[in-house]
Amino acid sequence: MIQVRDGLVEVRAPFNIQQKEIDSFISQKENWIKKKLLLQKSKKKIMKKKFENEEIFQFLGKDLKLKIIISNTKKSYISDESIYLALKNNKENCEEKIKKKLEILFREMAKEIFQSKTLNEAKNIKVTPKKIIIRSYKRRWGSCSHKKNISYNWKLIMAPEKIIDYVVIHELCHLIHFNHSRDFWKSVDNIMPDYKSSKEWLKLNQHLLDW
Ligand SMILES: [Zn+2]
């Protein structure tokens, strides 16, 4: 098995296989590996954010313009078209501070929106999650623990609402089936018959949901 991720190439092989065979397998796959590495690199480039005034950021799947406000009293908020980010003074008007403040704002919004979606959907499905937690994951969107706590990656707030709904339903269905069995997917399908397109979207677009 061969995998290219974050610029690393990983090959997994059974113990009894000879290095020679592994090497020849890799050289057969050379073009494919190169293509993958290039693709991942270009995706990263598109993603590189500057964190400056007027820059576009994704929020609930929409392109919103970042508007920096310098004010001691005003609070940050998000409208239909813009993200108003309040900084106390001009000294805070730098990449590092803006990135930090924007993450705080996105986490707050994620908490509010994911919480209400989860509670609403939980009523429909007739399950009761214990706690809803917002956190930062490298490569996952949500998780459900044995203690019935549901966690979400705050970065999911950048995705379209339909995609968020899918993740919410997915995690809630784990309160019925604590696995990815056929029955689990049947439950998801019952609630969201076109869930497959959202699942696929997440696979193909995860690079859009990161900074
Ligand atoms: Zn799952």
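Reader: What covers the buried residues of helix 5?
Author: Helix 4 (161-173) and helix 6 (195-205) are included in that cover. Contact means heavy atoms within 4.5 Å; helices (H or I, at least four residues) and strands (E, at least two) are DSSP runs, numbered from the N terminus. Mind you, this is a predicted model: local features need pLDDT of at least 70, side-chain atom pairs 80 or more, while totals for chains, interfaces and linings use all residues. Residues are numbered from 1 along each chain as its sequence is written, and side-chain values use heavy atoms, without hydrogens or water.

Reader: What puts the buried residues on the same side of helix 5?
Author: They're Phe-184, Trp-185, Ser-187 and Val-188. They span an arc of only 155° around the axis, so they share a side of helix 5; the arc is taken from the directions from the helix axis to the C-beta atoms. Arg-182, Lys-186 and Asn-190 are exposed on the face turned away.

Reader: Why does Lys-155 count as buried?
Author: Buried means under 20% relative accessible area, exposed over 50%, partly exposed in between (1.4 Å probe, protein chains only). Lys-155 has 15%, so it counts as buried.

Reader: What makes the pair Lys-155 and Asp-210 a polar contact?
Author: A polar contact is a pair of N or O atoms within 3.5 Å; within protein, one must be able to donate a hydrogen and the other to accept it, and residues adjacent in sequence count only if both atoms are side-chain atoms. Here the two side chains come to 3.1 Å, so the pair qualifies.
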